[in-house]
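Q: I have a model open and would like to talk through some of its residues. Could you start with whatever term I need first?

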Amino acid sequence: MNEFLILKKLIHRSKTKQNGKIPQPQIEEQPQPHRLYSDLRENELRFRLLYDNCSDVVYRSVLIGGKKQAIFMYIDGLADDVGVEQHVITPLMQQDDGEIHDIGRLIERKVPATQAKEFTSFAKGIEFLSNGYTILLVEGWTAGYGFGLVKWEKRAIEEPSAEVGIRGPREGFTETLRTNTSQIRRIIKSPQLKMESMRIGTYTQTNLVLAYIEGLVDKTLVEEIRNRLKRIRIDGILESGYIEEMIEDRPYSPFPQLLSTERPDVVSGSLLEGRVAILTEGTPFVLVAPVTFFSLIQSQEDYYQRSMISTVIRWLRYLFILISLLLPSLYVAVLTFHQEMVPGALLVSMASSREQVPFPALIEALIMEVTFEALREAGVRLPKQVGAAVSIVGALVIGQAAVQAGLVSAPMVIVVAITGISSFMIPRYITGIAVRLLRFPLIFLGGSLGLVGVMMGIIAIVLHMLSLRSFGVPYLSGAGIPNPSEWKDILIRGHWWKMNTRPHFTGRYDKYRQTADQKPGPARGDDK
């Protein structure tokens, strides 16, 4: 195991630098050299070598019942040292001699500590220490015990800042993995909700949880995601973005192929549709797979408002996504190659506004788009108190100054402003970035080939989206003519009493989510 390889290197180093104060024990050849020894001092020395130069690791030697030598180890800042002293060390030190021969029974009867787990290897002991456990090693025993008295600073549950809604739950995920899993459990209380744990990262040993509802999810989908996660070999995982890039089907595509969210209600809704969630320790963002393009541009609030309101908002969203993607390129193409398409009065006004501009429409559009994107990123990175003010005031001041200086025309400022506002209609930040990136090649095509170039770009984007898969699910799934039954959650947001089937992803699945007689109205006999 990796921990034992580190152990051997440390022991070798300690032998070469031995100063005579601490005699080094001889490592004997064993079939399983990573297992604990019965010699307490030998076990202690190996842990001390593994955590060499680690001032936050605490070692406490005690006598159990006044006779049996033992040692407690924990990491300061992760373990509850007060709880360890009161609930573990003190009860064990006060026991009489008759109970010392069976440490396991003694712990079971006398120690009022939760999550007391036995371990027999150095690797497991390192795992317990790294997760905030306090471990106990006893002289003459080849097994140790870990006590789940964990206490570290963590952020309280707050409203998600990146997915704000008018109606719906206000709770968001945090950086603590068990807090996140508990939030999902509070919503989905069925034992069919499964949560598989695994660890990724040679040094970080980051905990991951694979969540799905057994009976609703396709087993081959779970197996595929599990295999992709197991293939990851990396020194550390600091955020779920590491996982996303390593398991997606097409890493060079600008379109995201997994949903990233910090809302428990979104994850729970996805699980009820037969999807799989990946929760990563240390980040509030949870990955959901598989996804389609339409699920990425839907908001959680679409399902909390009434059907008619959600449908109108969804249509507006589609319209403004097209505006955000195509408006600058169409403006550049028409102004450069197709002036005959512009009404005469408008063309005269646009020509007069561009009279002092020294750049062609293509360069003008690129300058404004790059400036607007820079202002938007500056507003995101600055503190909240000044970020919004800087982005808004900066856009107004720079835009007005650029028009007065004759660097850009007023119509171009209007086009870029409308484009920027339209991009804010996209509910998922990562999807909005994809649209913003694709806007630039379309501007180049519009400025070089006119409307023909814009159409070529649109065709290329559609063909690329048709070729995309998210864990085997077509990216534009649900938009085809063979699936008109799924349009009720794409073009419109159908009434809940009409949405009685789940989306079909892969393989076998539980098709119906409710009975077919859910239409509201007066009960029989009540309308007389």
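A: Let me begin with a cut-off: a residue counts as buried when its relative accessible area is under 20%. Please keep in mind that this is a predicted model.

Q: Okay, so is Val357 buried or exposed?
A: Val357 has a relative accessible area of 10%, so Val357 is buried. Val357 sits in the loop between α12 (344-353) and α13.

Q: And what does Val357 touch, not counting residues up to four places away in sequence?
A: Val357 touches Glu364, Gly406, Leu407, Val408 and Ser409. For Ser409, the separation from Val357 is 52 residues in sequence, while the C-alpha to C-alpha distance in space is 6.7 Å.

Q: Switching to salt bridges, how many are there in the whole structure?
A: A search of the whole structure gives 24 salt bridges. One of these pairs is Arg186 with Glu171, where the closest N and O atoms are 3.4 Å apart. Arg186 belongs to helix α6 (residues 177-187) and Glu171 to the loop between β5 and α6, so this pair ties together parts that are 15 residues apart in sequence.

Q: How accessible are Arg186 and Glu171?
A: Arg186 counts as partly exposed at 48% relative accessibility, and Glu171 is also partly exposed, with a relative accessible area of 32%.

Q: Which residue forms a salt bridge with Glu224?
A: That partner is Arg228, and the closest N and O atoms of the pair are 2.7 Å apart. Both residues lie in helix α7 (residues 219-230), where Glu224 and Arg228 are four residues apart, about one turn of the helix. Glu224 counts as partly exposed at 31% relative accessibility, whereas Arg228 is buried, its relative accessible area being 12%.

Q: What about Glu373 and Arg376, how far apart are they N to O?
A: The side chains of Glu373 and Arg376 meet in a salt bridge at 3.0 Å, N to O. Because Glu373 and Arg376 are three residues apart in helix α13 (residues 361-381), about one helical turn separates them. Glu373 counts as buried at 11% relative accessibility, and Arg376 counts as buried at 11% as well. Through salt bridges that share partners, Glu369, Glu373, Arg376, Arg436 and Arg439 are joined into one network.

Q: New topic: which residues of helix α4 are buried?
A: In α4, which spans residues 103-110, the residues Ile103, Leu106 and Ile107 are buried. They lie on the same side of α4, because they cover an arc of only 95° around the axis.

Q: And what covers those buried residues of α4?
A: The covering elements include β1 (57-64), α3 (81-93), β3 (116-119), β4 (134-138) and β5 (144-147).

Q: Last one, where is Thr261 found?
A: Thr261 is in strand β8, which covers residues 259-261, and Thr261 counts as buried because its relative accessibility is 0%.

Q: With which side chain does the side chain of Thr261 make a polar contact?
A: The side chain of Thr261 makes a polar contact with the side chain of Glu163 at 3.0 Å, and the Thr261 side chain also reaches the backbone nitrogen of Arg263 at 3.2 Å.

Q: Leaving aside neighbours within four places in sequence, which residues is Thr261 in contact with?
A: The contacts of Thr261, with those neighbours left aside, are Glu163, Phe173, Val266, Val267, Pro284, Phe285, Val286, Val288 and Arg428.

Terms used: Residues numbered from 1 in each chain as written. Predicted model: local features only at pLDDT ≥ 70, side-chain atom pairs only at ≥ 80, totals over all residues. Heavy atoms only, no water. Helix = DSSP H or I, 4+ residues; strand = E, 2+ residues; numbered from the N terminus. Buried < 20%, exposed > 50% of the residue type's maximum accessible area, 1.4 Å probe, protein only. Polar contact = N/O pair within 3.5 Å; in protein donor to acceptor, adjacent residues only side chain to side chain. Contact = heavy atoms within 4.5 Å. Arc of directions from axis to C-beta. Salt bridge = Lys/Arg side-chain N within 4 Å of Asp/Glu carboxyl O.
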